[in-house]
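Have the viewer open and follow along.

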Amino acid sequence: MISVLTDIQQFVGFTQLQYIVIGVILGTIIGALPGCGPMMGVTLTIPFTYYLDPVSSLALLIGIYQGGSFGGAISAALVGIPGTPIAAATLLDAYPMSQSGRASEAITLATVASWFGGCFGGIVLLLAAPSLASFALSFGPAERLGLALIGLTAIASLSAGSTVKGLMSGALGLMLATVGSDPFTGVNRFDFGLPELTGGLTFVSLLVGLFAISEMLVQLESTTPTARITEKVRFSTKCLWTLITDWGNYLRSSLIGVLVGVVPGVGGVTSAFLSYKISKDMSPDKEQYGKGAPGGVVATEAANSATTGGALLPMLSLGIPGDPIVAVMMGGLLIHGVTPGPAFMLTNAPMLNGILGIFLIGAFLLLPIGWLLLPVFVRILSIPKSFLTTLILALCIFGTYATNRELFDIWLLWIFGLLGYAMRKGGVPLSPLVIGFVLGPIVEESLRRLATISGNDFWGFLFGRPIALTCFALIAAMLIGPALSQMYRARSRAQSPE
Amino acid sequence: MSPLNRQSLVDIAIGLISLGLGLGVYYLTFGFQVGASSGLASGMDASLYPRLIASILIGLGLILLAKTIFGARALQSESADISPSSGQTGSGLLKLFPLGIGFTIAIPLLGYFISTSIFVVAMLFVSGERRLLLIVVTTILIVTSFYLLFRYGFNIVLPEGRIWRPRA
């Protein structure tokens with residue numbers, strides 16, 4: 001434990017602390033804006049992390065992730081529009097509370113619950129990541145391939161839309177990752193003679209275009225007016241007592257959040273709704289849920305904040321991102337030449353501890369930042385939509401330009417913006433594409449190493465390893481499961497009398 | 001046209017795109033193959049992995065086409081990254097894309113200050129802003145703050161513009 005603290009002290013200086021604070025504040029602001037959320041925050045920040053050291057860049061990104069996960073609750077409570085999809089469950093009780101004149105109580109509860117959930121997730125991450133990484137040290141290419149494909153398949157089959165479309169999106173991500181020079185033979189692939197493509201597609205252009213530009217295109221079509229906040233919202237210190245009076249709800253919801261977060265592809269929306277359902281079932285005031293029950297706000301916010309810690313666990317210890325935001329963070333680390341996973345743990349254990357420390361500090365800072373800046377965050381909701389759209393677009397364009405100082409990257413940005421927009425309109429999820437793009441090099445490298453070392457017995461070698469075999473069995477279950485369930489439901493419908 | 005028919009047509013289009021993309025990629029891989037394909041037995045050359053993914057795209061395209069044509073409706077769930085919009089489909093594209101493309105062409109010619117100022121004003125206008133003072137203040141704020149951030153924060157020289165550059 002002392003060595004962990006020494007590592008944290010070594011890697012987290014005043015500069016990193018500044019980035020955590022900036023990250024949490026920016027994340028909360030972006031999270032509070034309807035239509036934005038932590039994904040948008042992390043996406044817009046990635047280009048600027050090129051100019052920071054790996055630990056500082058991760059401090060900024062983690063801060064934004066944590067702040068963004070909480071920020072959605074502010075707009076959910078005040079205007080009835082969740083700033084982020086993960087705050088959709090929070091809306092169920094926070095908005096009725098706000099409508100009955102208890103807006104301050106609703107937002108304070110959300111702040112306290114997010115703080116508790118985040119800290120809980122951070123502690124679990126600190127305790128579990130090194131052990132999991134140590135276990136994964138013996139993994140070879142077969143296991144790495146299995147894990148990477150599990151991550152990709154889970155996100156493709158559990159995220160939006162149909163499983164087939166999710167898998168298509170993931171395969172497209174894997175495909176796009178092959179553009180550029182082949183790392184094994186040096187052969188140029190899909191570069192169409194353009195020197196700018198020899199090094200591969202720019203991650204920032206892909207990411208910002210796919211998520212931010214396409215979101216702005218959708219926002220420009222939306223007719224939702226800018227919110228007008230008239231009520232004064234302040235941090236209500238009496239809500240801190242709920243940490244004692246409702247401790248079971250805080251603890252249970254945080255545990256659900258962490259456990260759900262560890263499973264690739266599930267994420268904050270599921271953890272929040274699951275936790276809400278369990279909290280409602282266990283509460284003596286069941287009938288108050290949905291009408292402004294404080295326990296409902298606590299359950300959803302503690303769970304979705306704890307999910308952030310759970311989602312980082314597979315990325316830091318196994319090198320497999322648990323959700324799209326974490327995949328983007330992993331991309332941010334790869335830009336700096338840092339590859340998360342068991343090998344990273346072995347060679348850079350102090351840095352890993354530093355990152356874990358950053359997460360815990362970020363989670364801890366959410367309470368004082370929320371306490372002090374709550375009125376500011378509320379005012380952000382009144383900023384004209386036209387100003388925000390223009391500002392975000394300018395950030396997208398110049399952030400992308402700043403990456404390589406190449407106009408070619410801006411052209412790529414528009415192309416991926418168009419692709420993202422078409423995918424949204426066609427009901428094809430975007431997240432698997434990003435995960436596929438990030439995991440693409442790992443999948444290809446593992447597959448080719450495996451093909452080399454297995455000699456003439458590729459399949460025998462692949463399935464002769466228990467962990468790899470388990471991974472592929474899980475992948476098969478994830479692919480066949482939805483089809484079987486669909487067939488069963490169709491059969492039940494056909495057999496029912498009506 | 002009923003919503004179901006429309007969604008089915010979209011799904012058929014997606015299936016065809018996936019099929020076409022897979023076939024196109026597969027064809028392109030013949031261009032960069034090094035030596036004879038050695039297969040999985042003694043390692044993979046640069047083309048085998050992209051071919052594998054191309055085959056997956058072809059397979060998924062066929063599955064989606066079959067599912068849609070033979071009436072199996074895809075399961076739709078609430079989504080984080082498929083956001084339904086309340087406005088007219090395509091209007092955002094028509095508003096932003098010409099501006100974005102024009103801006104990208106204009107930056108190297110007119111330079112950062114002029115092209116960004118025009119872009120910001122136009123962008124605010126298409127976003128529905130009509131208050132002149134707000135447009136002017138926002139434009140000055142964005143153009144100046146971005147210049148200061150990039151020039152002095154990240155030490156990046158933003159494009160000066162070809163037509164303003166003094167001739168040697």
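Among contacts in chain B between residues at least 6 apart in sequence, 60% join residues at least 24 apart. A contact here means two C-beta atoms, placed from the backbone, within 7 Å. Some housekeeping: residues count from 1 along each chain as its sequence is written, while chains are lettered from A and ligands numbered from 1 in the order in which they are written. The model is predicted, so local features need pLDDT of at least 70 and side-chain atom pairs count only at pLDDT 80 or more, whereas totals for chains, interfaces and linings use all residues.

**Chain B on its own**

Chain B has 5 helices and 0 strands, and its elements run α-α-α-α-α from the N terminus on. Helices (H or I, at least four residues) and strands (E, at least two) are DSSP runs, numbered from the N terminus. Of the 168 residues in chain B, 26% are buried. Buried means 20 or more other C-beta atoms within 10 Å of a residue's own, exposed means 12 or fewer, and partly exposed is in between, with C-beta atoms placed from the backbone.

**How confident is it?**

The model scores ipTM 0.85 and pTM 0.85. pLDDT is the predictor's confidence in each residue, from 0 to 100. Chain B averages a pLDDT of 80, and 77% of the residues score at least 70. Among the elements of chain B, H2(B) has the highest mean pLDDT (93) and H3(B) the lowest (88). Two stretches of chain B deserve a careful look:

| Stretch | pLDDT | Contacts beyond near neighbours |
|---|---|---|
| Residues 35–41 of chain B | under 50 | 9 contacts beyond four places in sequence |
| Residues 74–86 of chain B | below 50 | 34 contacts beyond near neighbours in sequence |

**Where the chains meet**

The contact takes 58 residues from chain B and 63 residues from chain A. On the chain B side, H1 (3–29), H2 (48–69), H3 (91–110), H4 (112–126) and H5 (132–153) each supply at least two residues. H3(B) gives the largest share of that side, 10 residues. The chain B side divides into 35 nonpolar, 18 polar and 5 charged residues, where Ala, Val, Leu, Ile, Met, Phe, Trp, Tyr, Cys and Pro count as nonpolar, Asp, Glu, Lys and Arg as charged, and the others, Gly among them, as polar.

**The core**

The largest nonpolar core has 196 residues, and those with the most contacts inside it include Ala77(A), Ala94(A) and Ala110(A). Such a core is a set of buried Ala, Val, Leu, Ile, Met, Phe, Trp, Tyr and Cys residues joined through C-beta atoms within 7 Å. Domain 1 and domain 2 of chain B both give residues to this core, so it lies between them. Leaving aside neighbours within four places in sequence, Ala110(A) touches residues including Phe70(A), Ala73(A), Val297(A) and Glu301(A).

In helix H1 (residues 2–11) of chain A, which residues are buried? They are Asp7(A), Ile8(A) and Phe11(A). Seen down the axis of H1(A), these fall within an arc of 100 degrees (taken from the directions from the helix axis to the C-beta atoms), so they line one face of the helix. Their cover includes H4 (54–79) and H16 (349–380) of chain A.

Asp53(A) sits in the loop between H3 (38–49) and H4 of chain A. Asp53(A) counts as partly exposed because it has 14 C-beta neighbours inside 10 Å.

Technical notes:
Domain bounds come from an automatic or database domain assignment.
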